Amino acid sequence: QVSPGDFRQINISGRKLFEATHDERENGHFNMIHALEMLYDGMMTDNKDSIRKAMGELDHQLEKTTSSHATVGALWNTLENTGSRLNAEETSLRARLSKSQDADYYDATSEFKRTETVLQSTLMASTKLLQPSLFNFLQ
């Protein structure tokens, strides 16, 4: 899932890669495993026709594998581009959210200093008013 409700395929099935489709079978092709078995048997029995047929099928299977590899690469590029786009959108959204919700440092610092000055003045005034003297002690 790359975004809410947006799903992307990230693989191809092994059956699609290794087994012949109906159209391929009609054109005389068969699956990759069968071609490898035919090549092995042809090499063991020194059957040149079997080896040629297996090699021809393996060439077809190599083209099919290359095509599947390109498909997976295209899917990967699409996901990478979508990820980059989503990261850029997230950064933009965070910046806009920060602009609307975060404190303004200059205003916050000014208000803090103003409040600190008032507190210091109040403390100094109260210290002078409450200062005990000998005259206050005698009363």
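Which residues does Thr82 touch, not counting residues up to four places away in sequence? In this predicted model, where residues are numbered from 1 along each chain as its sequence is written, local features need pLDDT of at least 70 and side-chain atom pairs count only at pLDDT 80 or more, while totals for chains, interfaces and linings use all residues. Side-chain values use heavy atoms, with hydrogens and water left out.

With that exclusion applied, Thr82 touches Val2 and Arg8, contact being defined as heavy atoms within 4.5 Å. Thr82 is placed in helix H4, and its relative accessibility of 7% means that it counts as buried (under 20% relative accessible area, with exposed over 50% and partly exposed in between, for a 1.4 Å probe and protein chains only).

The protein chain contains six helices and zero strands, these being DSSP runs numbered from the N terminus (helices H or I with at least four residues, strands E with at least two), and the pattern along the sequence reads α-α-α-α-α-α. The radius of gyration, taken over C-alpha atoms, is 40 Å for the protein chain, whereas a compact globule of 139 residues would have a value near 14 Å (by the rule of 2.2 Å times the number of residues to the power 0.38). Along the principal axes, the C-alpha atoms fill a box of roughly 130 × 30 × 20 Å. Buried residues make up 14% of the 139 residues, and, of the contacts with a separation of 6 or more, 55% are accounted for by residues 24 or more positions apart.

When neighbours within four places in sequence are left aside, Phe30 is in contact with Ala20, Ala35, Met38, Lys53, Glu57 and Gln61.

Asp46 lies in the loop between H3 and H4, and counts as exposed because its relative accessibility is 57%. The phi of Asp46 is near 55°, a positive value in a residue other than glycine. Most residues other than glycine have a negative phi.
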